[in-house]
Amino acid sequence: PSGIRIDRKRNWLYFCDNGNFRIRKIDLNNNSNIVSTIIGNGTFGCPLAQNIPAISSVLRNPFGLALDK
């Protein structure tokens with residue numbers, strides 16, 4: 001994994017799952033540690049102009065993240 005970030009409230013840990021072409025998050029609440037995919041369907045590809053839900057999109061080696069407020 002790369003691009004590891006934690007939100008300001010420390011509820012979620014986000015990371016790039018490079019080899020699986022996905023962006024994932026881990027729920028840090030109540031020690032549940034549930035991992036969810038939020039972007040990417042696991043297929044290598046160019047994500048530009050797909051006009052589909054993020055979870056269905058393709059990614060090409062994601063490596064960095066930026067979180068907004």
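How many salt bridges does a search of the whole structure find? The answer is 1, and I'll come back to that pair in a moment.

Before that, a word on what we're looking at. This is a predicted model, where local features need pLDDT of at least 70 and side-chain atom pairs count only at pLDDT 80 or more, while totals for chains, interfaces and linings use all residues. Residues are numbered from 1 along each chain as its sequence is written, and side-chain values use heavy atoms, with hydrogens and water left out.

Okay, the overall picture. The protein chain has 0 helices and 4 strands, and going along the sequence the pattern reads β-β-β-β. For the record, helices (H or I, at least four residues) and strands (E, at least two) are DSSP runs, numbered from the N terminus. The radius of gyration is 12 Å, close to the 11 Å that the globule rule gives for 69 residues, so the chain is as compact as a globular protein of that length. That radius is taken over C-alpha atoms, and the rule is 2.2 Å times the number of residues to the power 0.38.

Now burial. Of the 69 residues, 29% are buried. Buried here means under 20% relative accessible area, exposed means over 50%, and partly exposed is in between, with a 1.4 Å probe and protein chains only. The accessible surface of the chain comes to about 4,900 Å², and 52% of that belongs to carbon and sulfur atoms. Those areas come from the Shrake-Rupley method with a 1.4 Å probe, and for residues only the protein chains shown count as cover. On contacts, meaning heavy atoms within 4.5 Å, residues 24 or more positions apart account for 23% of those with a separation of 6 or more.

Back to the salt bridge. By that I mean a side-chain nitrogen of Lys or Arg within 4 Å of a carboxyl oxygen of Asp or Glu. Which residues form it? Arg 24 pairs with Asp 17, and the closest N and O atoms are 2.7 Å apart. Are these two buried or exposed? Arg 24 counts as buried because its relative accessible area is 16%, and Asp 17 counts as buried at 15%. Asp 17 sits in strand E2, which runs 12-17. Leaving out residues up to four places away in sequence, Asp 17 touches Arg 22, Arg 24 and Pro 62.

How many disulfides does the structure hold? It holds 0, where a disulfide is a pair of cysteine sulfur atoms within 2.5 Å. As for burial, Cys 16 is buried, with a relative accessible area of 0%, whereas Cys 46 is partly exposed at 39%.

Let's move on to backbone angles. Most residues other than glycine have a negative phi. Asn 33, though, has a phi near 50°, a positive value in a residue other than glycine. Asn 33 is in the loop between strand E3 (22-27) and E4, and counts as partly exposed because its relative accessibility is 45%. Asn 61 also isn't a glycine and has a positive phi of about 50°. That residue is in the segment after E4, partly exposed at 40% relative accessibility.

In that segment after strand E4 (35-39) there's also Ser 57. Its side chain reaches the backbone oxygen of Ala 54 at 2.8 Å. That's a polar contact, a pair of N or O atoms within 3.5 Å; within protein, one must be able to donate a hydrogen and the other to accept it, and residues adjacent in sequence count only if both atoms are side-chain atoms. Ser 57 is buried, with a relative accessible area of 8%.

Arg 8 is in the loop between strand E1 (2-6) and strand E2, and Arg 8 is exposed at 72%. From Arg 8 to Ile 39 is 31 residues along the chain, and their C-alpha atoms are separated by 20 Å. Asn 29, in the loop between E3 and E4, is partly exposed at 28%.
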